[in-house]
Amino acid sequence: MHVELLARIQFAFTAAFHYLYPPLSIGLGLLLVIIEGLWLKTRNPLYHQMARFWTRVFALTFAIGVATGLVMEFEFGTNWATYSRYVGDVFGSALAAEGIFAFFLESGFLAILLFGWDKVGPKLHYFATCMVAFGAHFSAIWIVVANSWMQTPAGYHIVGEGLHARAEITDFWAMVFNPSSMDRLMHTVIGAWQAGAWLMVSVGAFYLLKKRHRDFAFKSLKIGLVVALVASLLSLFSGHESAIGVAKNQPAKLAAMEGLWITQPNAPLHVVGWVDAKTETTHGIAMPGMLSVLAHNDPNAVVTGLDAIPRDERPPVNFTFQMFHLMVGVGLLLILLAIIGVIAWWSGRLEQSRWLLWLMTFAVLGPQIANQAGWFAAEVGRQPWIVYHLLRTSDALSKVVTAHQVLASIIMFALVYLLLFAVFVFLLNDKIKHGPDDEDLVITGRLADGLAQRKGEAE
Amino acid sequence: MTFEHLDLNTVWFILVGVLFTGYVILDGFDLGVGAIHLLAAKSDHDRRLFLNAIGPVWDGNEVWLVTGGGALFAAFPDVYATVFSGFYLAFMALLCALIFRAVAIEFRSKHPSPRWRAGWDISFAVGSIASSLLIGVAMGNIVWGVPLDAQGEFAGTFLGLLHPYPLLVGVTTVVLFAMHGSIYLVLKTEGETQARVRRWVNPLIIAFILCYVIVTLATLLYVPHMTEAFRQHPWVFAIVIPVVLLIANIPREMNVGKEFLAFLSSCGAMAGLMAIFGIGMFPDLVYSLPAPEHSLTAHNAASSPKTLGIMLTIALIGVPVVLAYSASIYYIFRGKVKLTKLSY
């Protein structure tokens, strides 16, 4: 196989595997802030028990996230050396900022979050929880900014020619706030909230089905469901904003997402479909005019089709189409499930509807599928460019790395990640089976001192 | 902020050096704990103490590598690209070792079966030793020089990286980290466990000093470009004096029971060794052998002054904050390790 294809497979595989975990860390980070905040406010020990349990789950996802994230940072240099030379001046500074502002924050305060329960007072512990969640969100900011710069470069100029050409920063803030960064950041973070929220809903629903830890399960399910509902609705808006941006900045990608071959007003939006690239046609069920609405808020607006894009600048159409539709479809189903869940909860029928609880148990897969599919659509839809309209993926490889080396490392990562994933599932299952600790209903150490003291002050 | 009066390239040469120095000092002790994990511990209890001694901090220590790598990417993209693609298989092996080590720390405690724990113990120890060795081998190659072509691309082979000098530096790194880690463990443990660890400290100090002498002789004899700066500016030789004194101070403090001072001396010695490494290399980041004119330097491999200035602003804001809360986290987790239900 060709080295370019192998390098792309390796990056896609390691990035996709890595991205199972950061959304959980970001989402659970937010939920831990909410739960521990509720505990400090109400002093209901149930919240303390929840915070402890979900912290243990958080730690598990965080550990694998760090280990697989280090790989990503190395891979830019190992497999994409030409790209690294080209973008280092721009991309590197975002990555370095991520290290200094986000990773140190996360990993430093994680120590207090995990091991500090009995060593620090409740306020300091809560501060640490907030800092970990903040750090997780901050890391999303910098990496999405860097990736968005690859989609919609801004604030740079090109220095040198041919082999020695590279992008240099002219305006740091224009680079940070490039045309797509804020829309994509919102959409990414909201997707991550859903990953965390649905995990909580799923575990809560599972316990209700098995009639275990009823109070704990109910509280987790409710908090998870509220966050899931809000986040999934927000996703609609951030997705719409992103679509408008893609239509404006990356018309080739939008055309591929929808399999739109001919530039036209009143462009249709497919519910499902199949793209035949040979005959340049798209078959499926479509809603007339809706793509024009999605992209331009106007059913009569003209949407650019693939006919306006030179053949050697078109992304793989069917793959991008399917990934985009998978993301949208799963996203819509999650909204529906969240609404049904909230109605069932309000009408007091949640515990009786076993089918609904089973659906919720498996819904944990939903945001993961949607997040993965969304990224595949975004990254494959940018092809053949690695940096949009500046650098082709085929020109971005490491010149000195051979196909054999890449293949060897793919095999290594496949084995290592398979093992990691098996261990992750085993341990997550173990934690869920073990459930929350009843000991955690009794608050110990300096956390208890702090609370007693504050009670004393209040009296 | 503007830094018109600063030689930003030199500043970033130093700052990247500082980040990697932070990494070797901090991750050095937890890698070192891994290196003696199978040897100095006798029971599951000992091993748990070892892991929990580094438990709250190893993660943050590894971030120094991530940030150092990020800073190298941003400040000297050509160096990042050349070294990471050139040392491809070595870095893949390093990643593999670091992953196994990291997950071993997390996963070992999650299941009580002895076989499960023994498996992760081996993974932790082998991962730690392999990581230390590969870091040392990479540094050894940077010191020795690697073949670069006119474009600044790596022109050697994987096996070519494994010649005696880098391997010697690799072994020295393993021994140095093991010494550093064993002193840290003496600080963090007590009773019988501490006595067992203590037996390893002196042999490791002696082993390190032997390695250090051999590496120094080899460098003086075979790596002339590393001594150039010291010949041209004899006053920088002064740095060697505190380094040697600090190394000599380690066994002295250990023998009078001042382990914390011994540990600080070890940290100081490592910082000094990194400084000597940096002075010897400057301004080269990757020395090209046999064609020194192709070397990547702080000037020809750097990002634009604009980016270096932006990053310096980021570093000036971020690093003091990082240092402040890192120090307070070490303070919160000071003292001897106690096993609780939160422990690994």
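Reader: At what angle do helix α4 (residues 81–115) and helix α5 (residues 122–151) of chain A pack, and how do I read it?

Author: Two packed helices are described by the angle between their axes and by the distance between those axes. In this predicted model, α4 and α5 of chain A pack at about 170 degrees, and their axes are 7 Å apart. Angles over 145 degrees count as roughly antiparallel, so α4(A) is roughly antiparallel to α5(A).

Reader: What classes of residue make up that contact?

Author: Sort them by class and you get 27 nonpolar, five polar and two charged residues where α4(A) meets α5(A).

Reader: Let me zoom out. How many residues does each chain put into the contact between chain B and chain A?

Author: Chain B gives 65 residues and chain A gives 76. Together the chains bury about 6,100 Å², with 75% of that on carbon and sulfur atoms. Within chain B, the residues losing the most area to chain A are Phe73(B), Tyr88(B) and Leu342(B), together 11% of what that side buries.

Reader: And how many polar links cross between the chains?

Author: Across the interface of chain B and chain A there are 17 residue pairs in polar contact. As for which parts of chain B take part, the elements giving two or more residues to the side that touches chain A are α4 (58–75), α5 (77–86), α6 (88–107), α7 (114–144) and α13 (305–332). Of these, α6(B) gives the most, with 14 residues. By class, that side of chain B has 42 nonpolar, 15 polar and eight charged residues.

Reader: How many salt bridges are there between chain B and chain A?

Author: Two; over all chains, the structure holds 21. For each bridge, look for the closest N and O atoms. Arg85(A) pairs with Asp78(B), with those atoms 3.1 Å apart. That pair runs from helix α4 of chain A to helix α5 of chain B. Arg85(A) also forms a salt bridge with Glu153(B), where the closest N and O atoms are 3.1 Å apart.

Reader: What about the backbone: which form does the peptide bond from Phe282(B) to Pro283(B) take, and where does Pro283(B) lie?

Author: For the peptide bond, check omega. From Phe282(B) to Pro283(B) the bond is cis, with omega near 0 degrees. Pro283(B) lies in the loop between α12 (259–281) and β1 (284–286) of chain B. The bond from Leu289(B) to Pro290(B) is cis too, with omega near 10 degrees, and Pro290(B) is in the loop between β1 and β2 (296–297) of chain B.

Technical notes:
Residues numbered from 1 in each chain as written. Chains lettered and ligands numbered in written order. Predicted model: local features only at pLDDT ≥ 70, side-chain atom pairs only at ≥ 80, totals over all residues. Heavy atoms only, no water. Contact = heavy atoms within 4.5 Å. Buried area = accessible area lost by both parts, 1.4 Å probe. Salt bridge = Lys/Arg side-chain N within 4 Å of Asp/Glu carboxyl O. Polar contact = N/O pair within 3.5 Å; in protein donor to acceptor, adjacent residues only side chain to side chain. Helix = DSSP H or I, 4+ residues; strand = E, 2+ residues; numbered from the N terminus. Nonpolar A, V, L, I, M, F, W, Y, C, P; charged D, E, K, R; others polar. Axes fitted to C-alpha atoms, helices over the stretch in contact; angles between N-to-C directions. Parallel < 35°, antiparallel > 145°, perpendicular 65-115°, else oblique.
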